[in-house]
Each structure stands twice: as C-alpha cells, then as structure tokens.
Amino acid sequence: MDIICPHCRITLDVPGEYAGESVDCPSCRKSFRVPSAPKRTAIRLTPKPIPPRQRASDRLDKCPDCGHAVSRSASRCPGCGRGQTNRASCLGLVLGVLVLTIFCLSLYFGGCSGL
Ligand SMILES: [Zn+2]
Ligand SMILES: [Zn+2]
C-alpha cells in the first residue's frame, strides 16, 4: 500500500504487514508509524464493484454510425443495432481462398498438359 512519509512527503510502497508498526523512511531515514490497514479495521464489509475491464482479446471498435464502443467479438452495435462486418479480414480470407484455388488449378492443369 502507498504511504506518504510525514517527514519528507515521499510516497512509499509499504507492505501491508507493516501496518501499525514503525518503519524507517528510506528517503529521509526518519521513522514514522504506518497507519493500520483499512482492511483490518473495516467497518463496512460491502465489496467494491469491480470496474469491467476489457481483455486484450476483446478489443473495442467505435461504431461508425453512432460512435458507440462495440466489441469486436460482437456482431452488432449495442447502440444502434448496426451489424458489424470485419471487411479487412473478410477480404483477406476471400483473396486467400481465390489465390489458393488458382494455384491448385494451375498445378492441376499444368500437370495435365505436361503429360
Ligand atoms: Zn521520509
Ligand atoms: Zn452504433
């Protein structure tokens, strides 16, 4: 936890086990008492709502229509219902299949004519 030294005002990362004990500030070398951890003297036991964090695999794109943040895994915009199409990957896939088909055909016909 972050504790501010009362002598030199530097922020120190003090382990929670030092709560309620005196520690020596590494900056000004003066000792001060670490306030006890709020967890131990907690009166309210209501858990904090964890803010939803986007995973790296679940990136957001902006909807071109309404500007709403849309997950790439989502097929539709939750704001305006606009269907999402990933054109770049779609085009790449089509192009890849086409090239592969042409390659196979050329191999096939090339082999036939060679015989
Ligand atoms: Zn200090
Ligand atoms: Zn939208």
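With 9 C-beta neighbours inside 10 Å, Arg-9 counts as exposed. The residue belongs to a predicted model. Arg-9 sits in the loop that joins β1 (2-4) to β2 (11-13). Its phi is near 65 degrees, a positive value in a residue that is not glycine. Most residues other than glycine have a negative phi.

Arg-29 also has a positive phi without being glycine; the value is near 60 degrees. Arg-29 lies in the loop between β3 (22-24) and β4 (31-33). There, 9 other C-beta atoms fall within 10 Å of Arg-29, so the residue is exposed.

The loop between β3 and β4 also holds Cys-28. Cys-28 has 14 C-beta neighbours inside 10 Å. This count lies between the limits of 12 for exposed and 20 for buried, and Cys-28 therefore counts as partly exposed. Leaving out residues up to four places away in sequence, Cys-28 touches Cys-5, His-7 and Cys-8. The pair Cys-28 and His-7 spans 21 residues in sequence. In space, their C-alpha atoms are 7.4 Å apart.

Asp-24 is part of strand β3. Asp-24 counts as exposed because 11 C-beta neighbours lie inside 10 Å, and the limit for exposed is 12 or fewer. Residues up to four places away in sequence again set aside, Asp-24 touches Arg-29 and Ser-31.

Another cysteine, Cys-66, is located in the loop between β5 (60-62) and β6 (69-71). Cys-66 counts as partly exposed, with 13 C-beta neighbours inside 10 Å. Its contacts, not counting residues up to four places away in sequence, are Cys-77, Gly-79 and Cys-80. Cys-66 and Cys-77 are eleven residues apart along the chain. Their C-alpha atoms are separated by 8.8 Å.

At the level of the whole chain, the model contains one helix and six strands. Along the sequence, these elements follow the order β-β-β-β-β-β-α. The helix, α1, covers residues 87-114. The chain has 115 residues, of which 2% count as buried. Burial here requires 20 or more other C-beta atoms within 10 Å. Contacts in the chain were also examined by sequence separation. Among contacts with a separation of 6 or more, residues 24 or more positions apart account for 6%.

Confidence was considered last. The mean pLDDT of the chain is 80. A score of at least 70 is reached by 75% of the residues. Among the elements, β4 has the highest mean pLDDT, at 92. Helix α1 has the lowest, at 81.

Key: Residues numbered from 1 in each chain as written. Chains lettered and ligands numbered in written order. Predicted model: local features only at pLDDT ≥ 70, side-chain atom pairs only at ≥ 80, totals over all residues. Helix = DSSP H or I, 4+ residues; strand = E, 2+ residues; numbered from the N terminus. Contact = placed C-beta atoms within 7 Å. pLDDT = per-residue confidence, 0-100.
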